[in-house]
Amino acid sequence: GIKVDKIKKEYRLMEIRAAPEPTNDEMIVEGYAIRFNEPAVFDVFGKEYREVIDPGALDGADMRDVPFKYNHSDSVMIMARTRNKTLELIPDENGLFIRAKLANTTAGRDLYELIRRGDIDKMSFAFTVAEDGDEYDRKTRTRTIKRIKKIWDVAAVDTPAYDTTSISARSFFELESEKEREALERAERRKRLLIMTYF
């Protein structure tokens, strides 16, 4: 499914895993939410597009209060949070590493077990790009994100709602023809109608 936000949030996928050696019965999961200079490939409308996050993209980004969620859902309780230091966001030369101590709740224990077994092995993060914070190279069809304005949340996801073949990805690249623009607008209208119908 496609989520429509008033603020233009973007979502990307990376891998998540249970920490190899749990200590003090803590349920710790970790992984890179962002990897710098590693192109993500989008196949949309039969064309290949790339996106790269620049190593300086997190400079000045708002990461003050970031929750760790399941499926980006507001209807499931938060599993960890930067505000109380149960979620750590650790920028390094490779990207943004996250380490979360999951809450010792039924939902937290269930999520930890599913991650530990490998049933859930993907993490998604929600972010917005700063104004003029990205560049697009038409020749290589590559978008470079230079500055992220805010990280909204990180989430363990079972079925990626924002996969790389989704038409939503195309809206973040410069449209190359009026025909593509019209096709995107029609698809966006269909999405909104579906969301209004089912939600």
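**Exercise 1. Classify phenylalanine 127 as buried or exposed.**

Solution. Phenylalanine 127 has 0% relative accessibility, so it counts as buried. Buried means under 20% relative accessible area, exposed over 50%, and partly exposed in between, with a 1.4 Å probe and protein chains only. The model is predicted: local features need pLDDT of at least 70, side-chain atom pairs count only at pLDDT 80 or more, and totals for chains, interfaces and linings use all residues. Residues are numbered from 1 along each chain as its sequence is written, and side-chain values use heavy atoms, with hydrogens and water left out.

**Exercise 2. Find the aromatic pairs and give their geometry.**

Solution. Start with the rule. Rings of Phe, Tyr and Trp (its six-membered ring) pair if their centres lie within 6.5 Å; planes under 30 degrees apart are stacked, over 60 edge-to-face, the rest tilted. The count is two aromatic pairs.

Take tyrosine 32 and phenylalanine 97. Their ring centres are 5.2 Å apart and their planes stand at 70 degrees, so this pair is edge-to-face. Tyrosine 32 belongs to strand S3 (residues 28-35) and phenylalanine 97 to strand S9 (residues 95-101), so the contact ties together parts 65 residues apart in sequence. Strands here are DSSP runs (E, at least two residues), numbered from the N terminus. Both tyrosine 32 and phenylalanine 97 are buried.

Now take phenylalanine 125 and phenylalanine 127. They are stacked, 5.0 Å centre to centre with 25 degrees between the planes. Phenylalanine 125 is buried, at 2% relative accessibility.

**Exercise 3. Work out the strand order of the open sheet and identify its edges.**

Solution. Four strands run in the order S2-S3-S9-S8, with antiparallel pairing. Strand S2 (17-18) and strand S8 (87-91) are the edges; each has a single partner strand, so one side of each lacks a neighbour in the sheet. Two strands pair if DSSP finds at least two bridges between them. S3 and S9 pair antiparallel over seven bridges. Glycine 31 stands opposite isoleucine 98 in S9.

**Exercise 4. Describe the setting of histidine 72 and its side-chain contacts.**

Solution. Histidine 72 sits in the loop between strand S6 (67-70) and strand S7 (80-81). The histidine 72 side chain contacts the side chain of serine 124 at 2.8 Å. It also contacts the side chain of aspartate 153, at 2.7 Å.

Conventions. Polar contact = N/O pair within 3.5 Å; in protein donor to acceptor, adjacent residues only side chain to side chain.
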